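Subject: Structure handover and findings

Hello,

Here is the structure for your files. My notes on it follow below.

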Amino acid sequence: MLIASTRLLDPNFLQAVVLMVQHNKDGAMGLILNRQTEVAVGDAWRQVSQSPCVREENLYIGGPCEGVLMALHTFPSASQVEVFPGLHFATETQHMEWLLQQAETPMRFFVGYAGWSPGQLETEMESGSWIVTAATMQRIFMPDDAQWSRIKRELAMAAILPNYNPGIIPPDPSRN
């Protein structure tokens with residue numbers, strides 16, 4: 001998972017939380033997790049398909065590169081890529097038709113994706129544009145309204161707490 005640092009000023013990635021789906025010698029592909037649209041998944045689906053859709057959540061803009069409808073989900077049978085154990089990625093029509101009929105499980109649906117050519121992401125990381133952290137189901141499916149600030153706070157606390165020793169704090173902080 002990539003967290004945009006405060007140094008990253010590209011408006012496409014300002015305060016972005018990106019889940020890396022694929023990263024190899026040919027480049028990298030990820031999905032921005034915190035760019036929810038006002039468009040309902042079902043409304044968008046009905047414009048391109050006659051298949052039923054029971055999902056009511058809104059679509060996400062996965063990044064500035066155009067792409068087909070994509071999903072993050074937990075069903076191995078509808079997976080094209082297992083992003084990490086238990087989390088799957090799909091774009092194929094038959095998988096999307098089936099996923100859109102599953103009502104009671106966490107999923108995110110995306111249009112667009114974040115893509116990097118070979119070496120581009122590595123260069124951005126060397127410049128300090130991205131903070132790398134572990135992806136978890138909780139982080140992926142947390143409400144996106146404050147996802148970036150919540151994860152940044154978690155990372156800051158994880159860095160501070162190992163060095164925090166309440167035994168050395170004086171009873172009167174003004175004497176510190």
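Helices (H or I, at least four residues) and strands (E, at least two) are DSSP runs, numbered from the N terminus. This is a predicted model: local features need pLDDT of at least 70, side-chain atom pairs count only at pLDDT 80 or more, and totals for chains, interfaces and linings use all residues. Residues are numbered from 1 along each chain as its sequence is written, and side-chain values use heavy atoms, with hydrogens and water left out.

Overall picture

The protein has five helices and 11 strands. It holds 176 residues, and 40% of them count as buried. Buried means under 20% relative accessible area, exposed over 50%, and partly exposed in between (1.4 Å probe, protein chains only). Take the contacts (heavy atoms within 4.5 Å) with a separation of 6 or more: residues 24 or more positions apart account for 61% of them.

The loop between E1 and E2

Gln15 sits in the loop between strand E1 (2-4) and strand E2 (17-24). Its phi is near 55°, a positive value in a residue other than glycine. Gln15 is partly exposed, because its relative accessible area is 41%.

Phe13 is in this loop too. Here the aromatic pairs come in. A pair of aromatic rings is described by the distance of the centres and the angle of the planes. Rings of Phe, Tyr and Trp (its six-membered ring) pair if their centres lie within 6.5 Å; planes under 30 degrees apart count as stacked, over 60 as edge-to-face and the rest as tilted. That rule gives five aromatic pairs. One of them is Phe13 with Trp116: centres 5.8 Å apart, planes at 25°, so stacked. Trp116 belongs to strand E10 (residues 114-116), so the pair ties together parts that are 103 residues apart in sequence. Both Phe13 and Trp116 are buried.

Phe13 also pairs with Trp130. The centres are 5.6 Å apart and the planes at 75°, so this pair is edge-to-face. Trp130 lies in strand E11 (residues 130-132), so parts 117 residues apart in sequence are tied together. Trp130 is buried, as is Phe13. Ring pairs join Phe13, Trp116 and Trp130 into a cluster.

The cores

A nonpolar core is a set of buried Ala, Val, Leu, Ile, Met, Phe, Trp, Tyr and Cys residues joined through side-chain atoms within 4.5 Å. The largest has 33 residues; Phe13, Val18, Leu72, Trp116 and Trp130 touch the most other members. E2 gives the most to this core, with five residues. Apart from it lies another core, of 13 residues, including Val41, Trp45, Ala78 and Leu100.

Beyond four places in sequence, the residues that Val18 touches include Phe13, Ile32, Trp116 and Trp130. Ile32 is in strand E3 (residues 27-32). Ile32 is buried, because its relative accessible area is 1%. Among its contacts beyond four places in sequence are Phe13, Val18, Ile61 and Phe110.

A last local detail

Ser49 is in the loop between helix H1 (41-48) and strand E5 (58-61). Ser49 counts as buried, because its relative accessibility is 14%.

Best wishes
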